[in-house]
Amino acid sequence: MKLKALNGFKDILPEDVWLWRRIETEARDVFGRFQFREIRMPILEKTELFARSIGEATDIVEKEMYSFVDKGVTMRPEATASLIRAYIEHGLYIHRPVQKLFVIGPMFRHERPQKGRLRQFHQLNAEVLGAHHPRVDAEVMAMAAMLLENIGIEVRLEMNSLGCPECRPTFRAKLIAFLDERMDHLCDDCKRRYSTNPLRVLDCKKTGCREQVEDAPSILDNLCTECDEHFTGVRSNLEQLGVKYSLNKFMVRGLDYYCRTTFEFITNDLGSQSAVGGGGRYDGLVEQLGGPKKIPGIGFAFGIERLVLLLQLKKKEAQNQQELDIFVAGLGEEAAAACYPLVHELRKGGLRVAMDHEGRSLKSQMKQANKAGSGFVVIVGDEELKSGEAILRNMATQEQQTLQLNVDAVKKAINC
Ligand code: AMP
């Protein structure tokens, strides 16, 4: 029997890992500029945590969680609930009234795998706890946009407001009345959503349902005064920061805890998996999970797999990373033996260096150097060995020079 990775679980091979690291490094840099600090939580949590926060009637909790039923624990399907559990458990609100935190790590959802949709996937999450102001909403979206720009990915920002427990019930009632007349034309999932979570009918991806809800009432026309003012504030703050966005009255997001501002970053390049990231405000969640009252929250998550796929679409970006500074080509056993300690000394000096130990031809060793994107090749043949010299080839310019076969001479010649 051939052993293979599970369906929806993917190995990230060395050819791709550097792209992952690039994204993670950019994220750490950008998040740091906004004073976000990293937090790491366990992957396994009590099932109740997710049922109480994400919502019993959501797709995630209903059918996508990896749970150990006999132990009452679940592998996290998202990070916000765990982060708030840690925030409350460690009293992180005590010393900093505003906490800005980020998480990078794997999440698990039992979804049907396809391009851009896995069962183990990875997210970059950033969350602000303890800040109400619309400026914070705009700043969080601006930070996400800055990260995408720095990585070199172009997507569009779509935004909506989901109102609050004051105004949403009125909208919900209007929506139910609207859907009542169209029930026969909705898909089976939406028929079910109609009674459990009618707002989710609005973001059904099926063409039939989309046509039915085209003229549905907009929540933006049904916000209470506070929510309306907050949303107007967010919009003008985004404009102040020069962040472009469009409104999407159909966006409801798949998790129950969201209120007011919600947003998604959308691409046309990944087929049906068009959301690269998304997030929103969750002002009641801390209290709902047993924390102090009235601590608001807002955050977002990007899917790293989808960011990597977008980078790979840009051919230039997907080229192999430069793995080596120098490849040392010793031609013949004697030359290889002489190069061996030199390679080690160059590595001690901080350079990334490799050599061949299998007596391969110069042509084959040059191929290896090329494949690794080496900046330079040091060539030592019989003649060079006799005179204690080496040839240094600059792989970018193809220029060659002769130099002494020692660490200092090599380092000087490559300017380091
Ligand atoms: P969510 O937590 O559902 O709001 O998702 C936030 C982001 O995580 C999405 O926009 C995707 O980029 C990514 N994501 C969610 N589910 C998956 C999945 N099953 N596979 C890959 N990426 C995912």
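This is a predicted model: local features need pLDDT of at least 70, side-chain atom pairs count only at pLDDT 80 or more; totals for chains, interfaces and linings use all residues.
**Entry 1: domains**

I began with the domain assignment, which gives domain 1 as 14-167 + 223-317 and domain 2 as 322-413. I then looked up how far apart they lie. The C-alpha centres of domain 1 and domain 2 are 48 Å apart.

**Entry 2: helix α12**

I turned to helix α12, residues 304-313. How many of its ten residues are buried? I found seven, so the helix is largely enclosed by the rest of the structure. I wrote down the names: I304, E305, R306, L307, V308, L310 and L311 are the buried ones in α12. The charged residues E305 and R306 are on that list.

**Entry 3: S374**

I looked for S374 and found it in the loop between α15 (362-371) and β14 (376-380). Is S374 buried or exposed? Its relative accessible area is 5%, and the cut-off for buried is under 20%, so S374 counts as buried.

Next I checked what the side chain of S374 reaches. A polar atom of this side chain lies 3.1 Å from the backbone nitrogen of F327. The side chain of S374 also comes to 2.8 Å from the backbone oxygen of F376.

I then listed the contacts of S374, leaving out residues up to four places away in sequence. S374 touches Q322, L324, D325, I326, F327, A369 and M395.

**Entry 4: the cavity**

The volume of the largest cavity is about 40 Å³. Which residues line the largest cavity? I recorded A57, D59, R192, R193, T196, N197 and R200. Helix α8 (residues 188-196) gives the largest share of this lining, with three residues. By type, I sorted the lining into four charged, two polar and one nonpolar.

**Entry 5: the second largest pocket**

My last item was the second largest pocket, which holds about 480 Å³ of space. It is lined by 23 residues, and R168, D256, Y257, Y258 and C259 are the closest to its centre. Which elements each supply at least two residues of this lining? I noted α7 (168-180), β9 (259-266) and α11 (285-288). The lining of this pocket divides into eleven nonpolar, seven charged and five polar residues.

Notes:
Residues are numbered from 1 along each chain as its sequence is written. Side-chain values use heavy atoms; hydrogens and water are left out. On a 1 Å grid over the protein atoms alone, a cavity is a set of points where a 1.4 Å probe fits but cannot get out, and a pocket is an open set with protein on both sides within 12 Å along at least five of seven lines; lining residues have an atom within 4 Å of a point. Grid points are joined across faces, edges and corners, and a volume is the space filled by probe spheres set on the points. Helices (H or I, at least four residues) and strands (E, at least two) are DSSP runs, numbered from the N terminus. Buried means under 20% relative accessible area, exposed over 50%, partly exposed in between (1.4 Å probe, protein chains only). A polar contact is a pair of N or O atoms within 3.5 Å; within protein, one must be able to donate a hydrogen and the other to accept it, and residues adjacent in sequence count only if both atoms are side-chain atoms. Contact means heavy atoms within 4.5 Å. Domain bounds come from an automatic or database domain assignment.
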